[in-house]
Amino acid sequence: MAKPSKYQKILSQIYKNVYSKKWICFDPSCNENSINSHLLQQNGMLNEISENGHFIEVKMTDVFKWAPKQTPLEFKLVGISKAISQPLFCNKHDTSLFKEIESKNIDFKNYRSQLLFSYRTICSELRKKQLNIEVYERLLNSQTLYGEFNRDMANQFVEGTKLGVKDLELYKAWFEAELKDEKGGFKFSTLEYPQIKVYGSAIHSPVDYANDNPNQVDPLNSIFIHIIPYNLRLNVIVGYHKKYTNSWIKEYVNSWMDLDKETLEYKLNDLFMTKIESWGMSPKLYKNIPLSTKNDIMTYINDNAMNYSIDQKVNFNIFLGNNYGI
């Protein structure tokens with residue numbers, strides 16, 4: 001095994017320091033440190049499809065195992081305490097804010113519940129971008145690493161991520177206002193299907209590279225989407241801000257309705273591969289995916305990590321052969 005490079009050693013320490021840093025609670029009135037907040041409830045949602053308290057998610061590869069010219073991502077076994085989670089809220093606000101969607105009898109068609117799932121996802125995506133900015137700014141400020149990486153690309157990534165932060169901060173404020181005084185500013189649909197042992201919760205901002213203006217002043221039109229296993233069913237919540245939408249988003253939301261088994265497979269496969277990062281599956285489902293398909297998945301994800309085009313398509317299916325992890 002090759003000796004770790006100076007770059008790998010310093011980058012590993014940067015990641016360790018940034019991800020162990022204390023972050024302030026996202027509640028506007030709070031200055032307490034945040035805890036590890038889960039986008040989906042551990043007890044009642046995620047543990048329903050876990051195996052020995054574990055799942056499979058796409059995670060960052062260990063810095064010392066990075067391969068040249070590859071996005072450092074891989075499938076990893078994660079414990080339930082780490083599944084799609086970020087340091088978002090202090091214990092008090094994580095408990096009080098989301099009490100309604102942490103209960104035993106969740107109404108997924110309730111507007112406030114839909115808002116709460118989406119608000120927590122907005123905060124998660126915002127924190128993710130803050131973490132990425134912190135990592136890259138520390139890299140750029142490291143005199144030891146000068147000349148070890150492309151600084152222009154790193155600076156472009158930081159500036160682009162900061163623009164994304166501004167959008168998310170606006171959405172966060174809109175959700176907070178809507179949760180305080182529900183005026184129907186968002187539109188959601190909730191669909192229920194037979195159980196498939198997968199989960200996800202994210203915001204997706206589709207880009208039409210042929211028509212969209214990359215320097216637009218207004219926030220990006222976005223979709224909020226949640227894939228929630230609960231009571232042996234798969235609940236799908238999709239929605240958008242009524243002011244920041246377009247015909248593609250409305251058609252996409254409608255495309256989740258009244259799906260047969262084959263079309264549901266296609267929609268989930270497309271969602272996980274081309275639109276969101278925060279998702280996972282049961283170890284059994286992962287085990288049943290052919291090795292060739294696993295290789296195709298990671299090749300596609302690695303090649304398209306920064307691709308947000310509405311025109312993405314994949315030619316593999318992780319659910320082939322009724323592979324639902326059941």
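A residue counts as buried here when its relative accessible area is under 20%. Keep that cut-off in mind for His 93 in this predicted model: His 93 has a relative accessibility of 12%, so it is buried. His 93 belongs to helix H2, residues 91-97. Setting aside neighbours within four places in sequence, its contacts are Cys 25, Asp 27, Ser 29, Cys 30 and Phe 98.

The mean pLDDT of the protein is 88, with 92% of its residues at 70 or more.

Helix H1 covers residues 6-19, and Lys 6 is found in it. With a relative accessibility of 42%, Lys 6 counts as partly exposed. Leaving out residues up to four places away in sequence, Lys 6 touches Thr 144, Leu 145 and Glu 148. If you want a sense of scale, go from Lys 6 to Ile 49: they are 43 residues apart along the chain, and their C-alpha atoms are separated by 41 Å.

Now for helix H5, residues 247-254, where Ile 249, Tyr 252 and Val 253 are buried. Viewed down the axis of H5, the buried residues fall within an arc of 100°, so they line one face of the helix.

H8 itself runs over residues 291-303, which makes 13 residues, and it reaches 18 Å from first C-alpha to last, close to the 18 Å expected at 1.5 Å a residue. Its buried residues are Thr 293, Lys 294, Ile 297, Met 298, Tyr 300, Ile 301 and Asn 302. Lys 294 places its charged end over the ring of Tyr 286, 4.0 Å from the centre.

That ring leads us to the aromatics, and a search of the whole structure finds 24 aromatic pairs. In one of them, Phe 75 and Tyr 286 are tilted, at 5.1 Å centre to centre with 55° between the planes. Phe 75 lies in strand E3 and Tyr 286 in helix H7, so this pair ties together parts that are 211 residues apart in sequence. Phe 75 has a relative accessibility of 13%, so it counts as buried.

Tyr 300 and Phe 316 make another pair: their ring centres are 6.4 Å apart and their planes are at 75°, so the arrangement is edge-to-face. Tyr 300 is in helix H8 and Phe 316 in the segment after H8, so the pair ties together parts 16 residues apart in sequence. Both Tyr 300 and Phe 316 are buried.

Finally, have a look at the aromatic cluster formed by Tyr 111, Tyr 171, Trp 174, Phe 175, Phe 186, Phe 188, Phe 224 and Tyr 244.

Technical notes
Residues numbered from 1 in each chain as written. Predicted model: local features only at pLDDT ≥ 70, side-chain atom pairs only at ≥ 80, totals over all residues. Heavy atoms only, no water. Helix = DSSP H or I, 4+ residues; strand = E, 2+ residues; numbered from the N terminus. Expected span 1.5 Å × (residues − 1). Buried < 20%, exposed > 50% of the residue type's maximum accessible area, 1.4 Å probe, protein only. Contact = heavy atoms within 4.5 Å. Phe/Tyr/Trp six-rings, centres within 6.5 Å; stacked < 30°, edge-to-face > 60°. Lys NZ or Arg CZ within 6 Å of the ring centre and 35° of its normal. pLDDT = per-residue confidence, 0-100. Arc of directions from axis to C-beta.
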